[in-house]
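Visitor: I would like to learn how to read the place where two chains meet. Please take it one feature at a time.

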Amino acid sequence: MAALCRGRHRWKKINSLHIFTRSLTGKYEYDLVVIGGGSGGLACSKEAAQLGQKVAVLDYVEPSVKGTKWGLGGTCVNVGCIPKKLMHQAALLGTAVKDAKKYGWQISEPVSHDWATMAEGVQNHVRSLNWGHRVQLQDKKVKYLNMKGSLVDEHTVKGLTKAGKEMILTAKNIVIATGGRPKYPTHVPGAMEHGITSDDIFWLKQSPGKTLVIGASYVALECAGFLTGIGLDTTVMVRSIALRGFDQQMAGLVTDYMEAYGTKFAWKCVPRSVDKLSSGALQVTWMDTQTGKEQKDTYDSVLWAVGRAPETKALGLDKVGVQLNNETGKIVVGADESTSVPNIYAFGDISEGRPELTPTAIKAGKLLARRLAGQSAELMNYDNVPTTVFTPLEYGCVGLSEEEAERRHGTDAIEVYHAFYKPLEFTVAERDASQCYIKVVCERRGDQKILGLHFTGPNAGEVTQGFAMSFQCGATYSHLLQTVGIHPTCAEELIKLNITKRSGLDATVTGC
Amino acid sequence: LTKFIMFSFWKYEYDLVVIGGGSGGLACSKEAAQLGQKVAVLDYVEPSVKGTKWGLGGTCVNVGCIPKKLMHQAALLGTAVKDAKKYGWQISEPVSHDWATMAEGVQNHVRSLNWGHRVQLQDKKVKYLNMKGSLVDEHTVKGLTKAGKEMILTAKNIVIATGGRPKYPTHVPGAMEHGITNVALECAGFLTGIGLDTTVMVRSIALRGFDQQMAGLVTDYMEAYGTKFAWKCVPRSVDKLSSGALQVTWMDTQTGKEQKDTYDSVLWAVGRAPETKALGLDKVGVQLNNETGKIVVGADESTSVPNIYAFGDISEGRPELTPTAIKAGKLLARRLAGQSAELMNYDNVPTTVFTPLEYGCVGLSEEEAERRHGTDAIEVYHAFYKPLEFTVAERDASQCYIKVVCERRGDQKILGLHFTGPNAGEVTQGFAMSFQCGATYSHLLQTVGIHPTCAEELIKLNITKRSGLDATVTGC
């Protein structure tokens, strides 16, 4: 026996021993192993542990192309929601400083921004969250392994450390919540060598300087928005349309505001190559598809925001037979987050057809944990999930876009109430509120059930959240009318909506 | 002669005459005109004791909600400037505030609203008279200009929406005191925020009528923020010194000692009194509430006189809020025009106190819910949370708090919702709508959050007061 337990074959023998032992006793080391320590994975593992399950979570960050790495917590904490909102706040504060002068504050112009100060503040907060997550896992008795997880078989997960050390875990159930990573374009020479993504922007120690953001997703617009706001020369290059999948009228208001606010847009342009000049600057060549002409310009940084790809490559999914969607590469899941393999589940950004949002991942993860622990049969409800785009003019929405409502119900069967309003705080600040707008899409007949709600303006997330709750209660247009406003707020303009698009009347709110 | 003509022809000059051109009066008259009624609105501002006057629009536009929120915004921007430095903005300290710049900006906006209201009345064909209205009889209103010129209007229906004015205390040489309202705290809040040395003198409790735990968080934040509080103190007299400064003498009821201090200004915020004095109400027989002096009204805003109605701040038992006055006014106009029978629903009206730490609420306070249902039949879910924006700014979030009071059993219907934090009004409005839809705690749980926001903390509530567990929100 000793002769066999030697060298490179050792782990294979032990593995066989595990399987043998398992077959004998039907016991797994863990009730649940979660691969991925992001919003979803952490919520799922903590909930499972709280319900008495023996849980392990594996989290590992493959460095970005530029070499950026981060700690426990996933995309949201490290390279998503959290740093994004903080840098958005930095940009908003720049506007607040300008407003402050109109309100009597004596500030000498112009005020400049120091990237390093902001980055340090943001990065410190993110690190505190990494730490907080580690403490929480400890408190809740979840085994945390900083290892890259992959599937060996339906009940076995292999963990691999950076140093190459391996560990085998067996589990009754396995959950995959590895999320996604930004895509680099494949056909643009120089894209990967010279460009960065959202994985890198929040961890830069120095200002990105004059930046070209390529893409028109909310990631692209939010990044371009705060870069403009802190005073950087920023251009967004859009191949076709902005905020695909969102209500297009609202998307137009968001980008109109950004253009008025100072962000440059290169519409209907397609990048051809990125070259590094001897000065160190990046020269981007692109095709303007409207004129057919080729253009060039130089930038300090090129930020690719052209979509995200699921993290499935190194998971060993094909070996185990977990089915992926051919087009997106995401894991195909059932309503209960199950995959094609009975005891393997997947949810969050990695799963097909789900919103790529932290709150849905957290909720789905908790419900999954409860089902796996046999405590509940409740499935995740993915309908009417609210969201907010944190662009310079924020956009909050819940339910259907106007075009989707038309598609499903027909233009004749819907009524759209809308209003252009002006936030009170914009008055003394002498700010333009042209894109501050609200619309509520309802069924036209009967109780006039609300199908979709859209709001552009300050604090859009704060405004939208409570209305999203009313969707859960079956809100109708009459409920809206019955609600008394809080004055003076922007949110009250929602409950005052009374002009329909159909009427063609001027939808500008007047008076107090 | 007028009465003879009236009796003979059963015709009134107007379908509706509204006395009072504030939030309620304007909404009512415009709605009535839109429904084809012949309407006149009389608005007149008796100058304050100090001689301050203003234009059309009432309290909200001129000396309430609007200027208050703008000055509150000025104060918030002062905090934003401090935060900005932590976020990388290079601003040289300290930054001082110029009152005149702010006041001019605010006053210009208010004047634009006065103008806007005049234009709207014209557009909607409402006759506007800048006259002090009073009742002659049940169908006759007298208007009096500043110069003393009179006008008589006859109307089928008369609506009184004259609102209220701040009280001055009567037994204090200089004034009299009675507790603290949201007006006092909001004013003290923005004065502190723009850098002025500010003290709030409170006879007993703050925000009477509001949830007292929440009121405590609001005042705790203000104290941490720099506002001084003189609790359980009662002013005795106000004297003007030769320097021009005001010396206030007061009694500290806890120590029994008399104190003095000097101030540049003394702001009385000891309550508001209904504007009924010069209306001629007793002559016509409109009944008032003995204690408050407000007009007694029915569910349909009717008074003790058949065709005379009253609503808004002037009426007894109603919230003193612009949105309720506007809504009640519109519904009243529709009923008077025979277009509707719908009554105003005064339940679950949301509101927000715009103190440095804002407080938004809808429904019952915890103590009121306990009183009505019993402590055993209610469940209170709560959380202390930290707005993400406070992190890099290194700001204290100790008083940022949320609680939802529910029925304990069954669907766990939500009885009251309370939130302290930034943008409290924006957060609370949508939840107020869910009250209209019969929101329960399970609806709250079913709602997915928007991340990162403060409002999402409401739908994540899961710790009960009853459990005694730590209610501090952790993690992402």
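Guide: What follows goes through the interface of chain A and chain B. This is a predicted model, in which local features need pLDDT of at least 70 and side-chain atom pairs count only at pLDDT 80 or more, while totals for chains, interfaces and linings use all residues. Residues are numbered from 1 along each chain as its sequence is written, chains are lettered from A and ligands numbered from 1 in the order in which they are written, and side-chain values use heavy atoms, with hydrogens and water left out.

Visitor: How many residues of each chain are in contact?

Guide: Contact means heavy atoms within 4.5 Å. Here 84 residues of chain A touch 84 residues of chain B in this sense.

Visitor: What area do the two chains bury?

Guide: The size of an interface is often given as the accessible area lost when the parts come together. Buried area uses a 1.4 Å probe and is summed over both parts. Chain A and chain B bury about 7,200 Å², with 69% of it on carbon and sulfur atoms. A:Trp105, A:Glu462 and A:Met469 supply 11% of the area that chain A buries against chain B, more than any other three residues.

Visitor: How many salt bridges cross the interface?

Guide: A salt bridge is a side-chain nitrogen of Lys or Arg within 4 Å of a carboxyl oxygen of Asp or Glu. The rule finds two across this interface. One of them joins A:Glu425 to B:Lys69, with the closest N and O atoms 2.9 Å apart.
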